[in-house]
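Colleague: I'd like to learn how to read a few features of a protein model. Could you take me through them one at a time?

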Amino acid sequence: MNINWIDPKKIRRLPRTLLKGSLLTVVLGASTTTHAMDLRFGHGGTAETAYQLGAERFSELLSEKTDGEISVTILGNSVMGHETEMFEQEMAGALDMAIVSPGLITDFSHSANIFSVPFLYRDVDHWQKVLDGQVGQQIADRISQETGVKVLAYFGGGKREVVSTKPVNSLADLKGLKIRTNPTKPLIAAWQAIGVKPSVMAWKEIYTGLQLGAIDGLLNEPEWVLRMRFNEVAPHLVMTDHDITVRLLTMSEQTWERLNESEQQAVTMAARESAAYARKAQLKQDAEALDTLVNQGMTLHRIDREKMQEMVKEPLLKVVADMELTDLYQMIKGVN
């Protein structure tokens, strides 16, 4: 096993001015050969997250499949910068691999916007089939073509719900609530159709915003509700399952091209296997966090999800068409 974990406290974040220069490549020790390589793998998770677990699994698998010829140095906890910065480094060839949220790279990839559409998946099984099947590969190929960064596989697995300061026992109870959402057109259109008042607020201000009544709730996964202790000020969780998170496991095209055919095959296989492992870990962590939240007194509310999907269908179709993503949307919806 060749896993090199870099202590975040021992690495200073490098200035963005170096991202596209040769100096960063020298500082990070870029490999120039296709054998005995060390891949630098950045992500924003801490040591206990599915990001780290998946990265470690990828390293183990890749070492096995290449007889130790390729090792991986894992640079977690955002020591290489924000996910958008890591993606820029991959585009410049200054970082080999990273896990990134598709919502953070839409300035570089139009196709990545498809993952911002809520109510996209029927359930976890549908989500898995989309990501592991032909449709997932087509989306990966499009993002790769648009950015010059190769999408190897998909991590993710957090189910997004509505976190509320008020009880929500029916769809009617959602009407008029000020809910913090990301400022994407599909999200805003869908929640407005349900009667919610979408509100934009910085992540670091959410807890105080809930305390002061500036917002009535937010959209989040149980794992992060627990981590951020939002349940202390918003004790109601509305089980909408309106999204299941997707994270891209990516590799710089420049790194990919340095690999020979057998090494590319090994990377591809290790990526897919580690992604399946990471998604399973994320779903497990999410379920465990939900149990913990309930044990801490959070109240779960189940409302008519099918009715919600009916309410958002037409507004979403219009927004998706405006974004020129109808083909991808229909392909995802058509996966059985």
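Modeller: Helices (H or I, at least four residues) and strands (E, at least two) are DSSP runs, numbered from the N terminus. This is a predicted model, where local features need pLDDT of at least 70 and side-chain atom pairs count only at pLDDT 80 or more, while totals for chains, interfaces and linings use all residues. Residues are numbered from 1 along each chain as its sequence is written, and side-chain values use heavy atoms, with hydrogens and water left out.

Colleague: Is Ser-199 buried or exposed?

Modeller: Buried means under 20% relative accessible area, exposed over 50%, and partly exposed in between (1.4 Å probe, protein chains only). Ser-199 has 16% relative accessibility, so it counts as buried. Across the protein, 52% of the 336 residues are buried.

Colleague: Which residues is Ser-199 in contact with?

Modeller: Contact means heavy atoms within 4.5 Å. Leaving aside neighbours within four places in sequence, Ser-199 is in contact with Lys-178, Ile-179, Arg-180, Thr-181 and Ile-215.

Colleague: Now the helices, please. How do I read a packed pair?

Modeller: Two packed helices are described by the angle between their axes and the distance between the axes. Axes are lines fitted to C-alpha atoms, for helices over the stretch in contact, and angles run from 0 to 180 degrees between N-to-C directions. Here, helix H2 (residues 50-65) and helix H10 (residues 261-295) have axes that come within 8 Å and cross at roughly 150 degrees. Angles under 35 degrees count as roughly parallel, over 145 as roughly antiparallel, 65 to 115 as roughly perpendicular and the rest as oblique. H2 and H10 are therefore roughly antiparallel to each other. By class, their contact has 13 nonpolar, four polar and three charged residues. In that count, Ala, Val, Leu, Ile, Met, Phe, Trp, Tyr, Cys and Pro are nonpolar, Asp, Glu, Lys and Arg are charged, and the others, Gly among them, are polar.

Colleague: At what angle do the axes of H6 and H11 cross?

Modeller: The axes of helix H6 (residues 185-194) and helix H11 (residues 305-322) cross at roughly 140 degrees and come within 8 Å. That makes H6 oblique to H11. Residues of H6 including Trp-191 and Ile-194 meet residues of H11, among them Met-308 and Val-312. This contact divides into twelve nonpolar, no polar and one charged residue.

Colleague: Which residues touch the most other members of the largest nonpolar core?

Modeller: In soluble globular proteins, nonpolar side chains tend to be buried together. A nonpolar core is a set of buried Ala, Val, Leu, Ile, Met, Phe, Trp, Tyr and Cys residues joined through side-chain atoms within 4.5 Å. The largest one has 56 residues, and Phe-115 and Leu-174 touch the most other members. Not counting residues up to four places away in sequence, Leu-174 touches Trp-191, Ile-194 and Met-308, among others. A second, separate core of 26 residues includes Ile-74, Ile-99, Leu-249 and Met-251.

Colleague: Last, what about backbone angles?

Modeller: Most residues other than glycine have a negative phi, and most peptide bonds are trans. Asn-77 is not a glycine, yet has a positive phi of about 60 degrees. Asn-77 lies in the loop between strand S3 (70-75) and helix H3 (83-92), and its relative accessible area of 35% makes it partly exposed. Arg-229, also not a glycine, has a positive phi of about 60 degrees and is found in the loop between helix H8 (222-228) and strand S9 (236-252).
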